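Here is a briefing on how side chains meet inside one protein chain, written for a reader who is new to structures. Please keep the model in view while reading, and look up each residue as it is named.

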Amino acid sequence: MKTKRENFGGRMAVIMAFAGSAIGLGNIWRFPYLVGQNGGAAFILIYIVFSLALSLPIFLAESAIGRSSQANCLAAVGFLVPGKAGKLLGALLVFTPLWLVSYYSVVGGWSLDFFIQACHLDFIRVTPDQVNGGFERFIVNPWVPLLFHLLFLGITLLVVAFGVTKGIERFCKWSIPALFFIIVAIAIYSLTLPGAFKGVEYLITPDFSKVTAHTFIDALGQSFFSLSLGTGIIITYSSYVKKEENLMVSGAGTAISDLLFALLAGFAILPAVFSAGIEPGAGPTLLFDTLPYIFSNLAQHAPIISAVASILFFLAIILAALTSSISLIEVGAAYFTENRGMKRGWACALLFVLCGAFGALCSLSFGPLSHVKILGLNIFDFADSAASNVFMVLGCILSVILAGWVMPRKVLFQELTNSGTLRLNSRLFKPVLFVLRYVAPIGILVLILSTVL
Ligand code: PHE
């Protein structure tokens with residue numbers, strides 16, 4: 001069945017949608033921490049080099065595969081690799097984001113709950129000591145996190161059900177600017193706190209003595225995760241990009257806004273963390289333990305500002321997580337509507353059941369199912385580790401090989417340079433191809449060996 005495909009409205013719409021996918025929990029809960037751990041500005045420098053020299057070309061590879069196919073991931077891979085093998089490889093790219101969104105939306109659910117707590121002034125009305133440990137009590141509860149996971153997933157699917165233009169584009173066009181506005185406002189406030197300078201120091205002091213082999217691996221892995229590579233998202237979103245758009249400009253715009261947001265998140269969070277006299281951690285503890293503690297601490301002197309900051313901050317986390325989860329779900333929605341001929345509404349309902357059920361297991365793995373271990377990890381951690389260490393890495397290899405070696409060079413050139421009409425792009429084509437053919441596969445191989453060994 002041939003369905004009429006939608007398109008993103010223009011360059012801004014394309015960048016906002018891509019940036020929406022890229023900007024997410026990775027920027028807020030991992031990047032600032034990695035910067036501090038790996039020698040401040042030294043890490044930022046390595047991260048920028050990797051993002052521009054390696055991740056951006058892979059992003060372009062996925063963009064070219066997507067736009068040339070004008071189809072969902074499974075079909076796009078099928079055009080390049082015919083037969084069963086193509087189907088299997090394409091299925092990996094449809095499966096990965098659905099697996100990922102199932103546990104991502106559990107964290108999205110936690111953010112929703114904490115946003116509501118912030119609106120009830122829960123962090124403001126109690127002493128910092130009473131806030132302590134609140135997150136541990138919250139996640140072991142079987143029902144509340146589960147319901148919020150389903151609510152978060154439901155909101156995601158509602159946006160996706162409206163379609164590419166009326167749903168995704170419209171949502172990202174206001175939420176991404178809003179996100180930047182909130183994070184800048186919080187960063188400005190955070191920098192005025194007493195002792196904030198220590199946080200700035202932590203972020204910007206280039207300490208090359210802390211740079212080890214692991215720094216490079218962390219930078220590469222974070223850069224892949226942050227740009228949502230290897231998940232079929234860039235392929236799917238690019239299939240909605242019009243032929244006259246400049247893929248290199250939208251790719252660079254996405255990488256730059258993603259980096260800028262990560263830095264802003266660092267300047268919003270770390271000065272406040274140091275001002276409260278605590279050590280920064282990564283992951284859920286940073287967002288759901290440390291930050292409520294800081295808000296409660298701040299409320300002792302400035303209750304109103306602290307209340308506003310806590311509400312805005314959790315709102316920002318929800319928006320960042322939503323724009324990413326929307327992109328993850330769209331891969332499945334495109335597959336079910338185009339390949340299985342389903343109506344968008346029904347496809348979304350099916351995705352709600354599938355991802356809701358797997359996510360429920362992830363959510364319960366902190367409470368009633370905490371005894372279930374897979375390879376020594378609880379279900380949530382196993383899902384996370386399989387996605388970031390296995391599925392996404394395989395997806396990245398697949399993309400570079402398809403674009404660098406399988407796709408006819410002429411087609412890749414046409415997509416990245418708009419048939420040679422973009423002069424700067426045409427000049428950059430050869431270096432990009434070189435990275436795709438040689439540098440990227442080696443870089444990914446090193447990443448794999450580092451996790452295996
Ligand atoms: N890029 C998102 C983040 O930084 C996470 C993500 C990964 C989203 C892969 C989609 C696909 O949080």
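In this predicted model, E338 counts as buried because its relative accessibility is 19%, which is under the 20% cut-off. Its salt-bridge partner is R5, with the closest N and O atoms 2.9 Å apart, and this pair links distant parts of the chain, since E338 belongs to helix α15 whereas R5 sits in the segment before α1 (11-22), 333 residues away. R5 likewise counts as buried, at 17% relative accessibility.

**Other salt bridges**

- The structure holds six salt bridges, and one of them joins the side chains of E415 and K243 at 2.8 Å, N to O.
- Because E415 lies in helix α18 (residues 409-417) and K243 in the loop between α12 (233-238) and α13 (247-275), this pair ties together parts that are 172 residues apart in sequence.
- E415 is buried, with a relative accessible area of 6%, whereas K243 is partly exposed, with a value of 44%.
- R67 joins K243 and E415 in a network of salt bridges.
- Another salt bridge is formed by E330 and R344, whose closest N and O atoms are 2.9 Å apart; E330 lies in helix α15 and R344 in helix α16 (residues 344-364), so parts that are 14 residues apart in sequence are tied together.
- Both E330 and R344 are buried.

**Aromatic rings**

- The count of aromatic pairs comes to 38, and among them is the tilted pair of F123 and F314, with 5.9 Å from centre to centre and 45° between the planes.
- F123 lies in the loop between α5 (83-119) and α6 (128-131), while F314 lies in helix α15, so the pair connects parts that are 191 residues apart in sequence.
- Both F123 and F314 are buried, and the two belong to one aromatic cluster that also includes Y103, W110 and F380.
- F171 and W174 form an edge-to-face pair, with 5.4 Å between the centres and 70° between the planes; they are three residues apart in helix α9 (residues 164-191), which means that about one helical turn separates them.
- F171 counts as buried at 12% relative accessibility, whereas W174 counts as partly exposed at 47%.
- R437 lies over the face of W405, at 4.7 Å from the ring centre.

**Nonpolar cores**

- The largest nonpolar core has 141 residues, and those touching the most other members are F8, I28, W110, L287, F313, L412 and L416.
- Helix α15 (residues 303-338) gives the most to this core, with 18 residues.
- A second, separate core of twelve residues includes L34, F43, I44 and A219.

Key:
Residues are numbered from 1 along each chain as its sequence is written. This is a predicted model: local features need pLDDT of at least 70, side-chain atom pairs count only at pLDDT 80 or more; totals for chains, interfaces and linings use all residues. Side-chain values use heavy atoms; hydrogens and water are left out. A nonpolar core is a set of buried Ala, Val, Leu, Ile, Met, Phe, Trp, Tyr and Cys residues joined through side-chain atoms within 4.5 Å. Buried means under 20% relative accessible area, exposed over 50%, partly exposed in between (1.4 Å probe, protein chains only). Helices (H or I, at least four residues) and strands (E, at least two) are DSSP runs, numbered from the N terminus. Rings of Phe, Tyr and Trp (its six-membered ring) pair if their centres lie within 6.5 Å; planes under 30 degrees apart count as stacked, over 60 as edge-to-face and the rest as tilted. A charge sits over a ring if NZ of Lys or CZ of Arg is within 6 Å of the ring centre and within 35 degrees of the ring normal. A salt bridge is a side-chain nitrogen of Lys or Arg within 4 Å of a carboxyl oxygen of Asp or Glu.
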